[in-house]
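Have the sequence and the 3D view open as you read.

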Amino acid sequence: MKTNFITAVVTSIAAGSVATTSLAQMTEIGEGEGALSIVAWAGYVERGETDPNFDWVTGFEEATGCMVSVKTANTSDEMVALMNEGGFDLVTASGDASLRMIAGNRVQPINIDLVPSWSTVDDRLKEAPWHTVDGTHYGVPYMWGPNVLMYNTEVFAEAPTSWNVVFEETTLGDGESNSGRVQAYDGPIHIADAAMYLMYHQPDLGITDPYELTQDQYNAALDLLRVQRGLVSRYWHDAFIQIDDFKNEGMAASGSWPFQVNLLQADGVPVASVIPQEGATGWADTTMLHVDSEHPNCAYMWFEHQLASNLQSDLSVWFGAVPSVPAACSDGRGMQTQEGCDANGLDQFEKIKFWKTPVTNCESQDECVPYYRWVSDYIGVIGGR
Amino acid sequence: MSAATDTLTARDGVSTRLSDTLWRRPKLLLVLLLLPPVLWLGIIYLGSLFALLLQSFFSIDHFSGLINYEFTLRTYAELFTPANFDIIVRTVTMAACTTLASAVIAFPIACYAARFAKGRWRAVFYLGIMMPLWSSYLVKIYAWKLILAKEGILTWALEGLHLNWLLDAYLALPVVGGNSLSVSTTGTFIVFVYVWMPFMILPIQAALERVPVSMLEASGDLGARPGQTFRHVLFPLALPGIVAGSIFTFSLTLGDYIIPQIIGTSRLFIGQAVYQHQGIAGNIPLAAAFAVVPIVIMGVYLYIAKRMGAFDAL
């Protein structure tokens with residue numbers, strides 16, 4: 001704790017002096033520094049240790065001499081905290097973390113001219129607002145995917161068409177109520193799922209973007225979540241506890257990631273997933289470079305590697321996600337196929353509301369409810385307030 | 001090394017002179033011996049505690065997640081918002097219930113182990129009580145998750161006994177009930193009581209072993225009924241042991257963040273709030289303020305415990 005505190009003080013002093021230089025971006029790539037540390041989601045940076053078929057690190061290390069070390073983070077907030085602490089080079093940040101790090105001067109602008117494969121990036125992602133601020137790029141797209149509705153195929157003869165099965169009390173296909181048999185994500189960003197549901201079902205609220213909510217719209221979303229609290233026995237936080245709950249607690253439906261769906265199906269549990277009529281929230285992750293990175297050359301080599309190697313293709317199979325380079329779906333550089341990409345949501349891009357940080361000065365409204373309120377209010381909702 | 005053998009020559013050599021100095025100045029020796037542990041206690045223990053306390057007087061910039069290093073009491077005020085205050089009340093209530101239940105269950109077990117178990121059975125009893133402490137804490141909690149799950153062992157057993165209506169009726173109750181035991185407050189409570197039980201049994205057993213049998217006999221000879229002997233002789237003499245055990249169960253429940261995360265209603269406890277605000281939200285000031293709550297509560301608790309004589313026997 002003490003050392004942490006000293007580091008924090010030193011960093012905050014150092015941050016003042018670095019702030020001026022931090023805005024300069026790299027102009028050329030030099031020799032690799034021999035090391036690269038990445039803050040990543042679980043399963044995002046694999047070196048064949050979990051499954052020998054999934055390895056997109058050893059090739060990079062052999063080619064560049066940059067030895068990769070990974071620090072796994074479970075939530076976006078954890079990623080921001082780690083990057084604020086410092087000592088890392090790259091982070092695979094979702095949209096609800098990236099803007100916060102840009103605002104906090106924790107990441108540096110990226111010179112896309114130094115990344116030869118930038119042109120192959122999905123056009124829909126090149127200028128995405130979660131990593132581009134005022135025309136300046138702060139990262140290179142990594143991977144994206146939807147938060148799907150996972151359901152038990154024995155309870156639902158047909159795929160549910162609406163998220164109402166997890167938001168409002170209904171009778172499910174097997175004639176019993178959904179109360180106690182659904183789950184929701186244990187993170188404040190889940191408020192956006194409720195807002196997206198209201199956007200479709202209560203158009204008179206005037207929600208145009210589930211991450212930009214006025215006080216009234218926000219209150220309506222919280223009210224819906226309070227109804228949901230009555231239905232949800234346990235909020236899921238850890239992907240593996242959710243997997244266990246679908247096996248042992250008789251769960252019928254929940255918002256989830258393709259990751260859990262794949263693992264449960266591989267285990268023979270009767271589940272499937274769908275993107276209902278209201279659409280879905282989703283994540284679009286961007287690799288960003290720390291402002292005080294000690295290995296920027298290796299980092300730029302990684303940017304090129306993540307776009308050009310088997311990474312995009314194999315990671316999308318591993319995680320059930322969609323590559324940021326569309327060509328990776330079909331050009332045989334890895335295991336992914338066009339059918340696989342389509343199944344993971346390649347064509348659903350428009351239906352997905354990507355995670356981004358709610359801010360006070362939002363675009364679509366005069367004033368929106370900022371993220372810290374989401375955090376404290378969601379703790380309150382789960383606590384029964 | 002002639003100096004060592006010939007006491008008449010001047011005593012030189014660094015180690016010899018050092019030992020002479022220390023012999024002449026025993027206080028210096030004391031200081032040198034005490035310095036490392038005091039530094040350890042002062043810097044590592046109290047220093048970190050002080051750093052923690054200091055953090056709680058800072059605040060956080062809610063958008064960038066960076067900390068403002070300016071003195072403020074705002075973070076403490078945040079503790080009293082309804083949602084946060086709920087967390088404190090919930091945790092303290094759970095800690096109190098766990099402690100009470102542990103004491104009630106532990107007393108007869110400790111009593112038997114201390115007074116009636118003889119020879120080999122005594123050893124078996126000690127082993128039985130200690131055994132849960134030797135296996136991994138996480139394994140035990142996951143095992144309980146499977147026992148209490150909706151499709152778990154307990155439900156299965158009750159179905160076999162045609163008693164599941166009893167469980168359903170209990171789960172239908174507000175507050176303590178839920179969809180299944182593993183997602184109810186009761187489940188959290190059961191696992192807390194199970195996990196901390198040895199910490200309650202052992203001090204009570206130690207206290208009971210010190211009560212002379214002759215006192216209980218004297219009480220009986222003077223005409224006290226067994227109940228009166230218990231109330232007026234055995235219980236007061238065992239009370240320091242119960243209080244000592246309750247310090248463990250109470251403080252361990254106050255700080256735990258793993259059990260309520262795996263078993264329970266997803267409503268936060270203090271430990272989880274600290275973990276989430278520090279590790280996930282990066283809100284170190286609020287996490288520090290939350291961490292101060294158990295310190296304050298335990299301070300008050302220890303003061304009361306001292307008044308009740310819990311430390312007299314130490």
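**Cysteines and their links**

At 36% relative accessibility, Cys97(B) falls in the partly exposed class, since buried would need a value under 20% and exposed one over 50%. Keep in mind that this is a predicted model. Across all chains, a search of the whole structure turns up 3 disulfides. If the bonded cysteines of chain A are numbered in sequence order, they pair as 1-2, 3-4, 5-6.

**Cys66(A) and Cys298(A)**

- The sulfur atoms of Cys66(A) and Cys298(A) sit 1.9 Å apart, and the two residues form a disulfide.
- This link is left-handed, with -85° about the S-S bond.
- What does the bond tie together? Cys66(A) belongs to the loop between helix 2 (58-64) and strand 2 (67-73) of chain A, while Cys298(A) belongs to helix 11 (residues 296-308) of chain A, so the bond connects parts that are 232 residues apart in sequence.
- Cys66(A) counts as buried because its relative accessibility is 0%.
- Cys298(A) is buried as well, with a relative accessible area of 0%.

**Cys329(A) and Cys341(A)**

- Cys329(A) and Cys341(A) form a disulfide in which the sulfur atoms are 2.0 Å apart.
- The torsion about their S-S bond is about -90°, which means that the disulfide of Cys329(A) and Cys341(A) is left-handed.
- Cys329(A) is found in the loop between strand 12 (322-323) and helix 13 (338-344) of chain A, and Cys341(A) is in helix 13 of chain A, so this pair ties together parts that are 12 residues apart in sequence.
- Are these two cysteines buried or exposed? Both Cys329(A) and Cys341(A) are buried.

**Cys362(A) and Cys368(A)**

- Cys362(A) is joined to Cys368(A) by a disulfide, with an S to S distance of 1.9 Å.
- Which hand does the disulfide of Cys362(A) and Cys368(A) have? The torsion about the S-S bond is about 75°, so the disulfide is right-handed.
- Cys362(A) has a relative accessible area of 10% and is therefore buried.

**Another cysteine of chain B**

- Cys111(B) has a relative accessibility of 13%, so Cys111(B) counts as buried.
- Cys97(B), in turn, is the partly exposed residue at 36% that opened this briefing.

Terms used. Residues numbered from 1 in each chain as written. Chains lettered and ligands numbered in written order. Predicted model: local features only at pLDDT ≥ 70, side-chain atom pairs only at ≥ 80, totals over all residues. Heavy atoms only, no water. Disulfide = S-S within 2.5 Å. Helix = DSSP H or I, 4+ residues; strand = E, 2+ residues; numbered from the N terminus. Buried < 20%, exposed > 50% of the residue type's maximum accessible area, 1.4 Å probe, protein only.
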